[in-house]
Amino acid sequence: MGPLTTRAAKDLRTRLAIQEAAISLCLDQGFAATSTKAIADRAGVSERTLFRTFGTKAAIFWYDAFLSRVVRALNPAVDPVAALLKAVGAAVETITPEQWALELGRRAVILREPDLVVTGTQELNAGAAQIATTLTPPLASPAQAFDLMLFARFAVAGMGAVPIHTDTTPEMWGAQLERVVYKAAHGALEQS
């Protein structure tokens, strides 16, 4: 994974501060009872920055720093399946304990709020589109581009479905994510 630019690093810090604040507040008092003003105040940013960064309160929970790291780690010069497997592995290796705690909290809030589950589709589709775009060769046929888009969507949807529990480690999660990538490429019912 290449290093982030100064601006991208600042934007990432802002995103993570907002997410940490939102997760903490929503775990304590619930999604509906948590205002965007309270989130912004806890994150140390203006409410305007919160909305410029995420657009909506629900989008705070669907920004996935892990998926962003996967996209940055993609090497389109190799086989798409191998590229995604390698990117997932690289992203898992970089998870810090703080990021893991954030992921556990993010998922806990999402699972408590059925409306948040529904709103996640747009963010997941955007991540899948970034993966597909990166993996699609410049001279790909429309059929090849479509197949790569399906592969990316299946993989990202599957990654979102991998359960995480308090006793799950990033390594355990990473092994399951790699299994999902394999299944997205070869079929969910095929023997692995």
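This is a predicted model: local features need pLDDT of at least 70, side-chain atom pairs count only at pLDDT 80 or more; totals for chains, interfaces and linings use all residues.
Lysine 57 lies over the face of phenylalanine 31, 4.2 Å from the ring centre; a charge counts as over a ring if NZ of Lys or CZ of Arg is within 6 Å of the ring centre and within 35 degrees of the ring normal.

Residues are numbered from 1 along each chain as its sequence is written, and side-chain values use heavy atoms, without hydrogens and water.

Now to the ring pairs. Rings of Phe, Tyr and Trp (its six-membered ring) pair if their centres lie within 6.5 Å, with planes under 30 degrees apart called stacked, over 60 edge-to-face and the rest tilted. The count comes to three aromatic pairs, two of which are set out here:

| Pair | Centres | Planes | Type |
|---|---|---|---|
| Phenylalanine 31 and phenylalanine 61 | 5.8 Å | 70° | edge-to-face |
| Phenylalanine 66 and tryptophan 173 | 4.7 Å | 55° | tilted |

Phenylalanine 66 lies in helix α5 and tryptophan 173 in helix α10 (residues 170-186), so their pair ties together parts 107 residues apart in sequence; helices here are DSSP runs of H or I, at least four residues, numbered from the N terminus. Phenylalanine 66 is buried at a relative accessible area of 5%, and tryptophan 173 is buried at 3%, where buried means under 20% (1.4 Å probe, protein chains only). Ring pairs link Phe66, Trp100 and Trp173 into a cluster.

Terms used
Helices (H or I, at least four residues) and strands (E, at least two) are DSSP runs, numbered from the N terminus. Buried means under 20% relative accessible area, exposed over 50%, partly exposed in between (1.4 Å probe, protein chains only).
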